[in-house]
Amino acid sequence: MAILYDSESRIFRLHTRHTSYQICVDELGYLLHLYYGRRTEQDMRYRLTFLDRGFSGNPKEKRLDRNYSLDVLPQEYPFRGTGDYRSAAFCMENADGALSCDLRFCSYEICDGKYRLSRLPSAFEERTRETGSSEKAADTNGKPGDVQTLKITLRDAVSGTETDLYYAVFESADVITRTAVIRNGGGSAVTIKRALSLCLDFPDGNWDLLHFHGRHTMEMQPERTPVGYEMTAIGSRRGTSSHQHNPGVILAARTASETYGDVYGCLLAFSGGFVCEAERDQFSQTRLVMGMSDDQLSWELKPGEALELPECVLAFTHQGFRQLSLLLHDFIREHVLRDPYLKKPHPVLINSWEAAYFDFDKDTILGIAKEAARLGMDMVVMDDGWFGGRKDDLRGLGDWYVNEEKLGGSLSGLIDKVTKLGLKFGIWIEPEMVNEDSFLYREHPDWVLKVPGKDPVFARNQLVLDFSREDVREGIFRMLCRVLDQGPVSYVKWDLNRSIADVYSLKNAAGRVRYEYVAGVYEFAARLLERYPGLLIEGCSGGGGRFDLGMLYYTPQIWGSDNSDALDRVFIQNGYSYLYPVCCVGAHVSAVPNHQTGRITPLKTRGITAMAGTFGYELDPGKLSEEEKEEILRQIRAYRQYESLIREGDYYRLSDPAADGIAAWAFVSKDKTKMLINYVQLENHGNMEVKYIRAAGLSEELIYISDTDGKRYEGAALMYGGLPVLPPGKDYAAGQILFTAEGAQDR
Ligand code: GLA
């Protein structure tokens, strides 16, 4: 059993294969957090200490026993109103305006299987081939009965507000997910001011927060910050998860490294604003909280209403970042992504954006498609510019009908021709947005988020449609269906090219709009997948502006960055690799000089870098030399050979690109018989040092044969002795070496 409750001690024990999580209901009915870490069966209440701490208040029952204070005790779901002055997970305003509540244990339930949320995405129990209906799992990878759910209900006696805390224990995956549902069981409305999904309290230790900051075209830059006595907070107020901070963080012991030490991964499955706060309190205890940002909602919860909070995925290991990444990658692949090409070859696509930008017609797309077919690619994607009056980024968004005049023919005709070339067809959309210069806006100016009497904030000259409204979503959905019904469309790139502002809706209360907007986006995505089974949606928000588990649940890949420069991509993709598997990071080979940085990198390097992602192209193949075409043919053959290793194997970071002058990573098959080492030389100097790459994840005793020189290496030698990489002699050289275990060559 993964979840146990002992009614005498009132302890909940949650066990995964290697971890334990313990909670107890104390004598006053408060929920105390006892432990999360390496597996133990011990009753962990002995860790609680009770001391008289000045200025730390006591509940009435303990007013004469000053040793009890929620200001210092570790808690499971701390809330404002108990004299705990650290970061709270929950804050509520009563009908009388008082910011206060007192949540005490009421009941619990334990059941088999995974809880689900009705309006927000959450991890599923079993991997499935069925896009859109993970619940009815077809392809079961996890053992049945491997997941259990615990629900603990807390109640505030004064307002009647109840909080159901949910925990799902994925035993063999070593992951616990958490969320909560707030219900108003009282007679008057209350206002939810803060409702986070996660609190983790640690009574001791020195901790760092590893988080991932960035900007448009330079996402996912790791920063390791010591958690001190000040508040360390990251988050997004942009209404989306944002380029600036990713809603995935790692709390790491100060001594933790790639291969050693306690590390906790916390990923929020939410695509709106979020917050993550870490603080060390007056007694050097550390608290981490995470969830929707406070400005995401001010929710008037009426009697009988409920509010679902986003899910948070938690993983722990004592073996450092490498092992944590392996756990998270497996979990996301098995329990979050719904990939229509699961275990099948994925289409190698070519996208028109950097090839033609807005300047194309059907012949341009067909020209790209013809070359792509000759080069062995599988899909052509027509990016922005095919609809309405969209000839640049100033106009046309919202007019989701094909501009046949610009295209020089119908969409169905184009799809037909592309299909006859043996290629699939994909198309770009940005459903949540509108330009003032569009028929849609002229007809429905009231469909945008806009504060009455104030000019809205523009970005990329566009406004945000009120996706919190069902009628707006319905209108856009219908328009898009008319496009997608014109022929077999296999792929949609769903973009979002600005942050959200002017949050005011004509149909939803202001404090609900941001949440309803995100829930509306999820509903829209679910409808698309339901109506077009097998459709692959690639998420995008100017690259990685909405790269989170919430979107990944619907769009199993997300364009990693609008920066396609191979060198910058090495760093960006290295950042993603801490939390997300490479199969969900959109990556393409583009032309040089690179359009974002002006840098010239070898085509081979661009190919190897894009293979640490979904792999595709974004250039005009008509402009390639014969030599370059040869290289692309070779790349696609290589990708076909390595695809399952890359997508389903274990990913290892083998260097720190920021420190080592070389970026190296490996994919190792689950049975350890194959390893693909990849590297990019980041430095090139006269008379340069030799770099060594130490492999990982191999079997020590097996003998591995290199496909480049046919040499035989013991697994132990590759891992502990390393492989020398000679000075490159040119800028940004890269290499890829496949090692196959002796005897496994023919498998
Ligand atoms: C965003 C995307 C790009 C491209 C453009 C089109 O910036 O990230 O890949 O689709 O929009 O306008």
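Q: Which side chains meet in a salt bridge here, Arg119 and what?
A: Arg119 and Glu516, with 2.5 Å from N to O. A salt bridge is a side-chain nitrogen of Lys or Arg within 4 Å of a carboxyl oxygen of Asp or Glu.

Q: What kind of model is this?
A: This is a predicted model, where local features need pLDDT of at least 70, side-chain atom pairs count only at pLDDT 80 or more, and totals for chains, interfaces and linings use all residues. Residues are numbered from 1 along each chain as its sequence is written, and side-chain values use heavy atoms, leaving out hydrogens and water.

Q: How is the chain divided?
A: Into domain 1 (3-335), domain 2 (349-648) and domain 3 (653-746); the bounds come from an automatic or database domain assignment.

Q: How many salt bridges are there between domain 1 and domain 2?
A: Two.

Q: How far apart are the C-alpha centres of domain 1 and domain 2?
A: They lie 34 Å apart. The contact (heavy atoms within 4.5 Å) takes 54 residues from domain 1 and 44 residues from domain 2.

Q: What area do domain 1 and domain 2 bury between them?
A: About 4100 Å², with 59% of it on carbon and sulfur atoms. Buried area is the accessible area (1.4 Å probe) that two parts lose on being put together, summed over both.
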